[in-house]
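Open the model in your viewer and keep the selection panel at hand. The stops below run from one chain, across the interface, into the other chain.

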Amino acid sequence: MASNRYVEPEYHGPALDAHDKQYIGVGFGLAVLTAIEVGLYFIEKDGGISGGQSSWMLLILAFVKFAVVAGFFMHLKLDNPIFKRLFVMGAILAGFCYVAVLTAFGVFHRAWITWPAYLGFAIVAAVLGLRGSRGVGGHDHGHADHDHADHDHAH
Amino acid sequence: MSTAAVHDDAAHDDHALGGHGAHVTATGVSNEKLGMWVFLGSECLLFGALIATYLNYRGKSINGPYPKDVYNIPFTSASSFILLMSSLTMVLALSAVGRGDGRRGRIWLISTALLGSIFIGGQIYEFRDFYQAKGLGLSTNLFGSSFYVLTGFHGVHVTLGILMLFSLAFLSWRGKITKANKETVEIIGLYWHFVDVIWIVIFTVVYLIK
């Protein structure tokens, strides 16, 4: 009786290509940033820097790590811009929204944070509205498909 | 145009069309991938709400234990590092599947799932330690409630990701995941990277910033 087990085609190419080496480099960079973050925590604990300085540096490092993973590992840097718009705008909207909420609850204890947060929220909403009115992905890499679809529609 | 540039353009177009470039969509991008990005956008709002709740209740507990009494930063740093490295193995899995190297693709997928499992094992150990040794329960104080809900939701997301990764490895072994449908790996990869970036924020805001 013949076996119907799947036989995988043999692969003779390299184990790692140039992109993989770049990913490994990025992974190493992320590991270094994590080590710096933990180092900052202990430097602050030992009184080397103030809590405020440490908090700002940790937030910046977290933002850099976030952007590197999203840009390189999630391919936002190279992929179609529509994904970047969706994710970045969503994240910015969420950020401004929750800053406003936390300020309203008195977490930040500073009223001047509220107005920039609301202003930022309004600006992002306006940018989203303008982009939406121009049509989704008007200059994206999928433009050939758009043109084709429009052409068919006209006919 | 150089050969490298042609290769990059082809790779870019291949990405834009979702790896198999089979169907034309209204947006010019794969519907499945677009759907995953929209889902991830909504997840930003979910985790944003949970982090905002944690920050709102921070320092408002009237009885202990408090964060400084329970956190074990070296231990959590090690598990954060493991989750970060799982993102690297995930992207290497996608790259291997894209090259048609199914065997290495499976190895990287299983490595990613195992690294995720170590992270979850660490989280279970941490929760057990907090609850049994340090007396921090879900309803002990505001810190306990907001901490367990935030990190617990993240843990559930990681667990679902591990199940999806093992399923992908099994499908690949059965010959259902090949170079032609690498978009499936890419979409699961997007989810996995997202739980990693959320942990980057949680680790900084919840554990490191005092």
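Start with chain A, which has five helices and zero strands. Helices here are DSSP runs of H or I with at least four residues, strands are runs of E with at least two, and both are numbered from the N terminus. Read along the sequence, the pattern is α-α-α-α-α.

A word on the model before you go on: it is predicted, so local features need pLDDT of at least 70 and side-chain atom pairs count only at pLDDT 80 or more, while totals for chains, interfaces and linings use all residues. Residues are numbered from 1 along each chain as its sequence is written, and chains are lettered from A and ligands numbered from 1 in the order in which they are written.

Colour chain A by burial. Of its 155 residues, 24% are buried. Buried means 20 or more other C-beta atoms within 10 Å of the residue's own, exposed means 12 or fewer, and partly exposed lies in between, with C-beta atoms placed from the backbone. Now show the contacts, meaning pairs whose C-beta atoms, placed from the backbone, lie within 7 Å. Among those in chain A between residues at least 6 apart in sequence, 53% join residues at least 24 apart.

**Stop 1: the interface**

Select both sides of the contact between the chains. Chain A puts in 54 residues and chain B 49. On the chain A side, the elements giving two or more residues are α1, α2 (51-73), α3 (81-104) and α5 (143-154). α1(A) gives the most, with eleven residues. By class, the chain A side has 31 nonpolar, 15 polar and eight charged residues. Ala, Val, Leu, Ile, Met, Phe, Trp, Tyr, Cys and Pro count as nonpolar, Asp, Glu, Lys and Arg as charged, and the others, Gly among them, as polar.

**Stop 2: Asp20(A)**

Pick Asp20(A), in helix α1 (residues 18-45) of chain A. Is Asp20(A) buried or partly exposed? It counts as partly exposed because it has 19 C-beta neighbours inside 10 Å. Leaving aside neighbours within four places in sequence, Asp20(A) is in contact with Leu92(B) and Ser95(B).

**Stop 3: α6 of chain B**

Move to helix α6 (residues 142-173) of chain B. After α6(B) comes Gly175(B), with a positive phi near 85°.

**Stop 4: α2 against α6**

The axes of α2(B) and α6(B) come within 9 Å and cross at roughly 160°. The two helices are therefore roughly antiparallel. Among the residues that meet are Leu50(B), Tyr54(B) and Tyr57(B) in α2(B), with Phe143(B), Phe147(B) and Phe153(B) in α6(B). This contact divides into ten nonpolar, two polar and no charged residues.

**Stop 5: α2 against α7**

Helix α2 (residues 31-57) and helix α7 (residues 183-208) of chain B have axes that come within 11 Å and cross at roughly 15°. That makes them roughly parallel. Axes are lines fitted to C-alpha atoms, for helices over the stretch in contact, and angles run from 0 to 180 degrees between N-to-C directions. Angles under 35 degrees count as roughly parallel, over 145 as roughly antiparallel, 65 to 115 as roughly perpendicular and the rest as oblique. The contact of α2(B) with α7(B) has 14 nonpolar, no polar and five charged residues.

Terms used: Contact = placed C-beta atoms within 7 Å. Expected span 1.5 Å × (residues − 1).
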